[in-house]
There are 2 protein chains.
Amino acid sequence: MSSAEILSGHNIRPSLMRVMIYDFLKENRTHPTVDDIYTALHPAVPTLSKTTVYNTVRLFCKAGLTKMVTIEEQQARFDGCTELHGHFICSECGKVFDFDTDMPKVAGLEDFEIATHDVYCSGVCKNCLN
Amino acid sequence: MSSAEILSGHNIRPSLMRVMIYDFLKENRTHPTVDDIYTALHPAVPTLSKTTVYNTVRLFCKAGLTKMVTIEEQQARFDGCTELHGHFICSECGKVFDFDTDMPKVAGLEDFEIATHDVYCSGVCKNCLN
DNA sequence: TAATAAATTTGTAATCATTACAAAAGTGAA
DNA sequence: TTCACTTTTGTAATGATTACAAATTTATTA
């Protein structure tokens, strides 16, 4: 299924900018920040505005198409994959890695309506340990 | 064990401000922000500076005495309890609740040095569901 | 105790991510 | 084409956090 079709399927009109940003998130599984996205796409689309990137990722997240990753930082990161998986941030290099996990146990929140589950870890990654 | 002793045990000199801030975190399990802490203590200590609160919570977190809770917000929250537990944020009222959980499964990070585990959930709390 | 050194606290100014907002540009229908 | 509507853009505002140096407090030494 094309990105345009995926966007349409979530009631988001597949404009050029939106498709580009969605493609970027799909192809770059590095959990980019808004600035990362802007910097990567700006050369190809000089008229791109950072506000548009902010608006677009917010739109995507509201539609459940992408996920926001807030992990010990003041800069939000975005993830094109919404399947359940954990995020590990390396305190040395700052890179964010995915890992496999399972649905965490949640006890004591009876009568709460739980919409999202997130598992975060931090430490030092393999590369930085050398 | 007194707060002063706990601070000393972590190689933090137990100054008046530090003990007050630590006590506040121990007694108020509401995951307060820096501003919450400042606003609560300021009447009693009019000379308190917000910078001091920032410095102090950073010092505590570095020493492992408190934990930072970054959950879909641009404002960091602080938790005086470092035992393993999950955090739930209500998308309606913004309150953060603790819940029981267990150590999440982490697969695929062999050779990584994992220092922290965090489980976050979001949704609508019991009160807001009415 | 007085003098000195070290650590803590404070206030101001700077930084930086994010949002508000209104104008401009683009898109599609009649 | 014209009109209504949506998207995109740029600028300015907001607000959390940090940098930094001065002021204050605390501990140490003589």
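Which helix supplies the largest share of the surface near DNA strand D? The answer is α4(A), with three residues. Here a residue is near a strand if one of its heavy atoms lies within 4 Å of it, and helices are DSSP runs (H or I, at least four residues) numbered from the N terminus. This is a predicted model, in which local features need pLDDT of at least 70 and side-chain atom pairs count only at pLDDT 80 or more, whereas totals for chains, interfaces and linings use all residues. Residues are numbered from 1 along each chain as its sequence is written, chains are lettered from A in the order in which they are written, and side-chain values use heavy atoms, without hydrogens and water.

Of the 16 residues around DNA strand D, those that come nearest are A:S15, A:R18, A:T47, A:T52 and B:Y54.

Attention now turns to the protein interior. A nonpolar core is a set of buried (under 20% relative accessible area, 1.4 Å probe, protein chains only) Ala, Val, Leu, Ile, Met, Phe, Trp, Tyr and Cys residues joined through side-chain atoms within 4.5 Å. The largest such core has 19 residues, and B:L7, B:I21, B:I37, B:V53, B:F60 and B:L65 touch the most other members. Its largest share, five residues, comes from α2(B). A second, separate core of 18 residues includes A:I21, A:V34, A:L41 and A:L48.

Terms used:
Helix = DSSP H or I, 4+ residues; strand = E, 2+ residues; numbered from the N terminus. Buried < 20%, exposed > 50% of the residue type's maximum accessible area, 1.4 Å probe, protein only.
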